[in-house]
Structure formats: structure tokens, C-alpha cells
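Please read these notes with the model open beside you. They go through the structure point by point.

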Amino acid sequence: MRLFSWKAARPAARPTLTRAFATPGVSGGEWPSGYEAQLRAAYLGNAVAQRAVRIVAEGAGSITVDATPDGHPASALVIGALVTGALIETIATQLLLHGNAFVQIMADADGVPAMLYPLRPERVTVEADASGWPVAYLYRAAGQAMRLPAIGADGRPGLVHIRAPHPLDDHYGLGSLGAASGPVAIHNAATRWNKALLDNAARPSGALVYDPGEPGATLSREQFDRVKAEMEASFAGAGNAGRPMLLEGGLKWQALSLTPADMDFINLKAAAAREIALAFGVPSMLLGLPGDNSYANYAEANRALWRLTILPLAGKIVDALRTGLAAWWPALGLAIDLDRIPALAIDRQALWAQVADADFLSDDEKRQMLGFLLKVGDGSATPVYATVAGLRTTMLSIAGEQVAITNKDSGGWRELLSGAGTRSVSVAGSGVFTGSAAEARLKANALAGTLDDYRLSFASGETMQGRFLLTKLDYSGDFNGERAYTLALESSGQVVSL
């Protein structure tokens, strides 16, 4: 159908894609090829891609990293805010999007690492020697370049390079952003189509037909120009959407409707959203996307996200940081504390139940598998102890009061009296509610504020026993998760080691 006697030529076959990705080197209908263009289209301009990346990165940033041995001088660096939280979250985001993360190790005046600083990966270039091995990293910013040697003069690295596998590149990793760029472009184009449709009062365009009733009659040039100007001024654009039209002289409006094939873009947009979630390893159920809900419930999908995506990514990051810091501290160990991940609580509960029901295991073998056990007595003169089986995290603290006997003969050094002062033992723990008799007794002790007999059994076979007061018992739970509790015990009287 001809409108106004001619049809204006369009600058490209698909102008929607051209408008979205009007970047150098990208022609109409193609996906953005540069990292910055892909980043703007996906992370900055697509809700599904941004949420998928944030779910994984924030989950990795929420983990607890344990450093060994205890009291190591690197503990303040590796378990503080410099590694957990912002750093790991930033590294995870860079690995998901770019495929590379470059962490600069900044040392203090004594040459000891004092800060771990993540560099923007698109600004870092690997400098290789004649054999192709990386010897340095060039960081370019604000028109300047800084050269960071891969191995310094002291034989220690100045930068930790963490990268995702890339089968076609020896030096750089491959992120998920490139694989997601196609679905992101489709999803963004469908979003713009919806926006344009709503701007036009949720109706497609139409055609203005001239039908004077006489064969071969056409509008004069002046009539055509006047009708065209009135149409563009009074009826074109979002501001004129839905405005009634007054026609004369044989003009009539012919509305155009969407065919079923045209309406299929809705399903195409949903499929593109699921492919975006797939590219970043997030179950579509967690993003509220329709279709492909392969998991029975939200908790199962969340557990799969942690097992299949977050934990492998966080483990790669933690292992790389430990390897980089091993040049200063060879005995340093970094490990993710799985017991503090709420999404895996049901797995720990299943492990406790399996170990408790394993009659072929001795008590020592069970302690070796589960750590130290907390047991509560039954209140009798010769108490029989029952295990608080739901505990998943436990902590023991022994405190002693100082009695100073410093005098003028002490030579300026403080002296303490041996065997004096008040000693106490504190126990804290958290777990999942299983409804056992031991848990019911804990609740009764908390409500009555009574002392009771408790026993701590350690993996080494050592046992501590004494009377404790339950000073805290908190219950919590999610609508789709397990019921959890935390407790705190304070000793009263002597605590003996058996």
C-alpha cells in the first residue's frame, strides 16, 4: 500500500537495532562487538542481564573466608573487608562480564601486602616475551601507562591474574558477556518495540487512503502537501496518540493490525531472557522468568545456583588469591566456610541425619566428620546426655581474669598471679530446627533460666563437661526455607576436661 503516493526509504533494514547500537564498527542488525558496547547494552541497559550478574556476584561477595593458621598476620587482609565483600564481589563481576580479573598486590614500607586492589580488566594488557610467556601487565588510565611486572625483583608477583578459560587465547579469559550479547540485543529490541507500541496508544500504525469515487483521480500536489503537514503536526508522535481524526474529500483511515507472526515477539523476548540467564548460570526461576522451571521450588533452584555457579566461581577467586599471597606466606590457607551459607543448610541437615543414623560409625568417627558436638543432660544426678543434632556452626571461647602482682621489683614488667582470677567458658552455635528432644530441653532451659549439664565432644576425642546457663536462644525462618536458631551458653562453676 502506497502512503502519500510514495514510500520513504529507511536508513537500515532494522532501524531499532541501529539506534540501539550506534557505535563505531557496528552496522545495523549486528550485535555489538566491543566490550564497552556489550557492557552498556547488557549490564547498563538490560534488567535481566544486570540482575543475573548481581545475583552471582553478590552471592560470591557474601561468603565467609577462613584463614589458617589462626592468628596469621595475613588474617586482617584476607578475612577483612579487603577480600570478602567488595573485593570478591568486584572480581566475580569482572570474571562474569570480561572473563579476566587483575588484582594488584600493594605492599607497605616493609614489603608486606597491605591491600588488594582490583584493576579494570579492559585497561590491562598482557605483555609477553619472545616465547609468548607473560612478563608484565600494562595498565592504561588517564593517558598514562603503568607497567606491573608479573614477577618482581624479589621473586614475588605484583599482580594476580584470574581468568576464565578461553580455548582460543593463551593470555586472556573469556567472559559470558559475548555469548549473551545476541539474546541481549533481541531482548532490548523487543523492549523498544513494546515502548514504541505503547507510545502509539498500544496500536500499530495505519494508512491514509484517498478514494474520491472517480477512477484515476488523485490528490493535487498542494492537497498532498497540506494533508501530509496536518498528519505530521496533529497525529504523529506519542503526544498525539489516540487523538480523533476528522477526514474530508474522500479520505479514509485504514488501520493495520498485527498478525500472529508479528505478535510472536512476546515469546521471542521470553526465550531471549532465559538465554541471558543461562549464559550467566542463573536458573530462570530465580529471575521470575516464565517457562523452563526445571526445579521443584525456589529453594531447590537457589541451592543449584550456589552449587553450580557461585561456589565454583568463588573457589576460583579464593584459590587464586591464596596462590598470589603464598609468595609472602607459604603456609597460608584460605577456605570457604560452607557452614555459613544459608542456601546449603538443607544439605548440612541431611549430612547430620545420615551420620547420626550410621550405626557402623563410632562416636569418634562421627565427631571427626562433623566437628565438636554439643550435648545436654537430662537433669538427673547422673545425667544421660543427648546430642543437639541440629547444630551446624559452633564456637568455644575460654576466658580468664588477670590478677596483677606487679611491684617495684618487677623490673618494669607486668607480673600476673598464676591460678588466680575468674575463669569462664562460653559456647555459641547456630543450627536448623529438627524437633529433637534435646532442642526441646534447650528451649525449656531458656524459658526457665535454669542451669543444666552440658558436654562438648571434639573431633580429637577430648570432652569438656560442666554446668552452663543458656543466655540466648533465637529462632528465625524464611517462608520457603528451614527454621533456624542460634544459642549462647555461659559456664557456671568448674568446667572439666575428660
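The numbered points below start with the whole chain and then turn to single residues.

1. Basis of the notes. This is a predicted model, in which local features need pLDDT of at least 70 and side-chain atom pairs count only at pLDDT 80 or more, while totals for chains, interfaces and linings use all residues. Residues are numbered from 1 along each chain as its sequence is written, and side-chain values use heavy atoms, with hydrogens and water left out.

2. The chain as a whole. The chain has 13 helices and 18 strands; helices (H or I, at least four residues) and strands (E, at least two) are DSSP runs, numbered from the N terminus. Of its 498 residues, 36% count as buried. Buried means under 20% relative accessible area, exposed means over 50%, and partly exposed lies in between (1.4 Å probe, protein chains only). The accessible surface of the chain is about 28,000 Å², and 54% of that belongs to carbon and sulfur atoms. Accessible areas come from the Shrake-Rupley method with a 1.4 Å probe, and for residues only the protein chains shown count as cover.

3. Contacts along the sequence. Contact means heavy atoms within 4.5 Å. Among contacts between residues at least 6 apart in sequence, 61% join residues at least 24 apart.

4. A nonpolar core is a set of buried Ala, Val, Leu, Ile, Met, Phe, Trp, Tyr and Cys residues joined through side-chain atoms within 4.5 Å. The largest one has 58 residues, and Ile162, Phe280 and Ile317 touch the most other members. Helix α10 (residues 298-325) gives the most to this core, with 12 residues. Which residues does Phe280 contact, leaving aside its neighbours within four places in sequence? They are Ala49, Ala52, Val53, Val56, Leu96, Leu97, Ser176, Leu177, Ala180 and Thr309. As background, nonpolar side chains tend to be buried together in soluble globular proteins.

5. The second core and an aromatic pair. A second, separate core of 16 residues includes Val425, Tyr454, Leu470 and Leu473. Rings of Phe, Tyr and Trp (its six-membered ring) pair if their centres lie within 6.5 Å; planes under 30 degrees apart count as stacked, over 60 as edge-to-face and the rest as tilted. By this rule there are 2 aromatic pairs. One of them is the edge-to-face pair of Tyr454 and Phe468, with 6.0 Å from centre to centre and 90° between the planes. This pair links distant parts of the chain, with Tyr454 in strand β15 (residues 451-457) and Phe468 in strand β16 (residues 463-477), 14 residues apart. Both Tyr454 and Phe468 are buried.

6. Salt bridges. Side chains of opposite charge can pair when their charged atoms come close. A salt bridge is a side-chain nitrogen of Lys or Arg within 4 Å of a carboxyl oxygen of Asp or Glu, and the structure holds 7 of them. One joins Arg40 to Glu36, at 3.1 Å from N to O. Both residues lie in helix α2 (residues 35-42), 4 residues apart, about one turn of the helix. Another joins Arg54 and Glu58, at 3.0 Å from N to O. These two are also 4 residues apart, in helix α3 (residues 47-61). Arg54 is partly exposed at 35% relative accessibility, and Glu58 is partly exposed at 30%. In a further bridge, the closest N and O atoms of Glu122 and Arg120 are 2.5 Å apart.

7. Strand β3. Leaving aside neighbours within four places in sequence, its contacts include Phe102, Tyr139, Leu148 and Leu159. Tyr117 is also placed in strand β3 (residues 113-119), but Tyr117 is partly exposed, with 43% relative accessible area.

8. Most residues other than glycine have a negative phi. Ala142 has a positive phi of about 55° although it is not a glycine. Ala142 is found in the loop between β5 (134-141) and β6 (144-149), and is exposed, with a relative accessible area of 82%.
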